[in-house]
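Morning, everyone. Please look at the model on the screen while I talk.

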Amino acid sequence: MTGLLETMRVVTAAGGVPRVPLLELHLARMADSARALGMSLPRPDELRVRVAAFVEELRHDAVLRLAVRISSGEPSIECRLRELRAPDAILRLLLVPSPAYAPSPIHKLLDRTHWNRLEERARAAARDETLLV
């Protein structure tokens with residue numbers, strides 16, 4: 001199974017209406033990746049409706065993970081939320097040139113094999129996160 005993902009911030013204003021400020025940019029990147037990789041995605045309006053329905057009850061800022069899984073048949077859409085919080089301390093970063101991230105530094109794939117390797121490198125170097133530059 002393969003697929004694409006986007007991680008985006010959900011902002012809840014004082015009036016309590018949640019919104020994803022950069023949703024259109026995230027959807028455009030996902031569509032560009034799908035085209036480049038020969039994948040079929042649901043229509044953008046379907047993704048917008050799913051995101052809006054998923055966050056409509058939210059009453060605080062959060063991080064939304066939108067995944068489109070592609071296997072035999074129709075693509076499936078999955079949304080997950082996690083709390084948005086500031087780190088407890090300054091993060092120690094391992095800077096890695098983007099070409100070191102295979103198969104692609106551009107496309108956000110659900111296959112995390114290469115990202116997991118980079119996380120292992122970060123831990124081995126006593127770093128909290130890996131940042132592709």
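Let's start with confidence. The chain averages a pLDDT of 86, and 94% of the residues score at least 70. pLDDT is the predictor's confidence in each residue, on a scale from 0 to 100. Where pLDDT is low, the predicted coordinates should not be read in detail.

Some ground rules. This is a predicted model, and local features need pLDDT of at least 70, side-chain atom pairs count only at pLDDT 80 or more, and totals for chains, interfaces and linings use all residues. Residues are numbered from 1 along each chain as its sequence is written, and side-chain values use heavy atoms, with hydrogens and water left out.

Now the layout. The chain has 3 helices and 6 strands. Helices (H or I, at least four residues) and strands (E, at least two) are DSSP runs, numbered from the N terminus. From that end, the order is β-β-α-α-β-β-β-α-β. Among these elements, helix 2 (residues 44-55) has the highest mean pLDDT, 94. Strand 6 (residues 129-132) has the lowest, 82. The C-alpha trace spans about 40 × 40 × 20 Å along its principal axes.

How much of the chain is buried? Of its 133 residues, 32% count as buried. Buried means under 20% relative accessible area, exposed means over 50%, and partly exposed is in between (1.4 Å probe, protein chains only).

Next, contacts. A contact means heavy atoms within 4.5 Å. Take the contacts with a separation of 6 or more: 64% of them come from residues 24 or more positions apart.

On to helix 1, residues 23-37. It has 15 residues and reaches 21 Å from its first C-alpha to its last. That is close to the 21 Å expected at 1.5 Å a residue. The expected span is 1.5 Å times one less than the number of residues. Which residues of helix 1 are buried? They are Leu23, His26, Leu27, Met30, Ser33 and Ala34. Glycine 38 follows helix 1, with a positive phi near 70°.

Arginine 43 sits in the loop between helix 1 and helix 2. It counts as exposed because its relative accessibility is 53%. Its side chain makes a polar contact with the side chain of aspartate 45, at 3.2 Å. A polar contact is a pair of N or O atoms within 3.5 Å; within protein, one must be able to donate a hydrogen and the other to accept it, and residues adjacent in sequence count only if both atoms are side-chain atoms.

Now the inside. A nonpolar core is a set of buried Ala, Val, Leu, Ile, Met, Phe, Trp, Tyr and Cys residues joined through side-chain atoms within 4.5 Å. The largest has 21 residues, and Val20, Leu47, Leu64 and Leu66 touch the most other members. Its largest share, 5 residues, comes from strand 3. A second, separate core of 5 residues includes Leu94, Val96, Trp115 and Leu118.

Last stop: threonine 130, in strand 6. Threonine 130 counts as buried because its relative accessibility is 8%. Its side chain reaches the backbone oxygen of leucine 118 at 3.1 Å. Among the residues threonine 130 touches are Leu94, Val96 and Trp115.

Technical notes:
Lists of a residue's contacts leave out its neighbours within four places in sequence.
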